Amino acid sequence: MEHDDVDMTGADGTEVELDDMKKRLKEMEDEAAALREMQAKVEKEMGSVQEPSTAAASQASREEVDSRSVFVGNVDYSCTPEEVQQHFQSCGTVNRVTIRTDKFGQPKGYAYVEFLEVEAVQEAILLNESELHGRQLKVSAKRTNIPGMKQFRARRPNPAMGFRSRGPFVAPPFMYSPYGYGKVPRMRMPMRYSPYF
């Protein structure tokens, strides 16, 4: 009667369960290894894992492309890349025209023109303040964007915010309160008769 609730399985029963658990553990380890392998393959295809030499090479190629490109500002919103290409065709062979758009597909009003020759950039800069679709274009050499190097712009003082200095915080000189710690003098209003007090 005392041993009714105790399950007394033989040694064979526990060995079968142990073997089954080992088999499942082996399957899970194999699946995890396959997942890791697939993840590494996807990252390699996406190019997110770059070796330092590859990253330096891509930065160098980006700088080389940027040296052959110009920034074109104040581009009309109805302008097409073909029209921009025709406008800069006199400077040299145009490789690519990129008109930047916002997330809704509307043009932002500026473009990048990439040439095949570096000399064409100087010719294109001469087209600064030329007109396209009745708007004066702003043409300048494209600068290479360096990730993480944001240019600091000082904030202009706002009179509505008050004039605060950017110096380090200096605590006011310590004074003992004449009324005691935490005590503040109470200013009473002139008493007026009230029947409710």
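**Entry 1. Terms and source**

I began with the rule for ring pairs: rings of Phe, Tyr and Trp (its six-membered ring) pair if their centres lie within 6.5 Å, and planes under 30 degrees apart count as stacked, over 60 as edge-to-face and the rest as tilted. The model is predicted, so I noted that local features need pLDDT of at least 70 and that side-chain atom pairs count only at pLDDT 80 or more, while totals for chains, interfaces and linings use all residues. Residues are numbered from 1 along each chain as its sequence is written, and side-chain values use heavy atoms, with hydrogens and water left out.

**Entry 2. The chain**

I looked up the secondary structure, in which helices (H or I, at least four residues) and strands (E, at least two) are DSSP runs numbered from the N terminus. The protein chain has four helices and six strands. Read from the N terminus, their order is α-α-β-α-β-β-α-β-β-β.

For burial I used relative accessible area: buried is under 20%, exposed is over 50%, and partly exposed lies in between (1.4 Å probe, protein chains only). The protein chain has 197 residues, and 15% of them count as buried.

**Entry 3. Aromatic rings**

A pair of aromatic rings is described by the distance of the centres and the angle of the planes. I found three aromatic pairs in the structure. One of them joins Phe71 and Tyr110, with 5.6 Å between the centres and 40° between the planes, and is tilted. Phe71 belongs to strand S1 and Tyr110 to strand S3, 39 residues apart, and the pair thus links distant parts of the chain.

I then followed Tyr110 to Tyr112. Their ring centres are 5.9 Å apart and their planes stand at 85°, so this pair is edge-to-face. Ring pairs link Phe71, Tyr110 and Tyr112 into a cluster.

Tyr110 is partly exposed at 23%, and Tyr112 is partly exposed at 26%.

**Entry 4. Charges over rings**

I counted a charge as sitting over a ring if NZ of Lys or CZ of Arg is within 6 Å of the ring centre and within 35 degrees of the ring normal. The charged end of Lys142 lies over the ring of Tyr112, at 5.0 Å from its centre. Arg135 lies over the face of Tyr77, 5.6 Å from the ring centre.

**Entry 5. Salt bridges**

Side chains of opposite charge can pair when their charged atoms come close. I took a salt bridge as a side-chain nitrogen of Lys or Arg within 4 Å of a carboxyl oxygen of Asp or Glu. The structure holds seven of these salt bridges.

Arg135 also forms a salt bridge with Asp76, at 3.7 Å from N to O. Arg135 is in strand S5 (residues 135-136) and Asp76 in the loop between S1 and helix H3 (81-87), so the pair ties together parts that are 59 residues apart in sequence. Asp76 is buried, because its relative accessible area is 18%, whereas Arg135 is partly exposed at 25%.

Which residues does Glu114 meet in salt bridges? With Arg68, the closest N and O atoms are 3.5 Å apart. That pair links distant parts of the chain, from Glu114 in strand S3 to Arg68 in the loop between H2 and S1, 46 residues apart. With Arg96, the N to O distance is 2.7 Å. Arg96 lies in strand S2, 18 residues from Glu114 in strand S3.

Glu114 is buried at 7% relative accessibility, and Arg68 is buried at 10%. Arg96, at 47%, is partly exposed. Glu64, Arg68, Arg96 and Glu114 are linked in a network of salt bridges.

**Entry 6. The largest pocket**

I worked with a pocket as defined on a 1 Å grid over the protein atoms alone: an open set of points where a 1.4 Å probe fits, with protein on both sides within 12 Å along at least five of seven lines, and lining residues having an atom within 4 Å of a point. The lining of the largest pocket has 16 residues, and Asp66, Arg100, Tyr112, Lys142 and Arg143 lie nearest its centre. Elements that give two or more residues to this lining are helix H2 (52-67), strand S1 (69-73), strand S2 (94-101) and strand S3 (107-115). S3 gives the most, with four residues.
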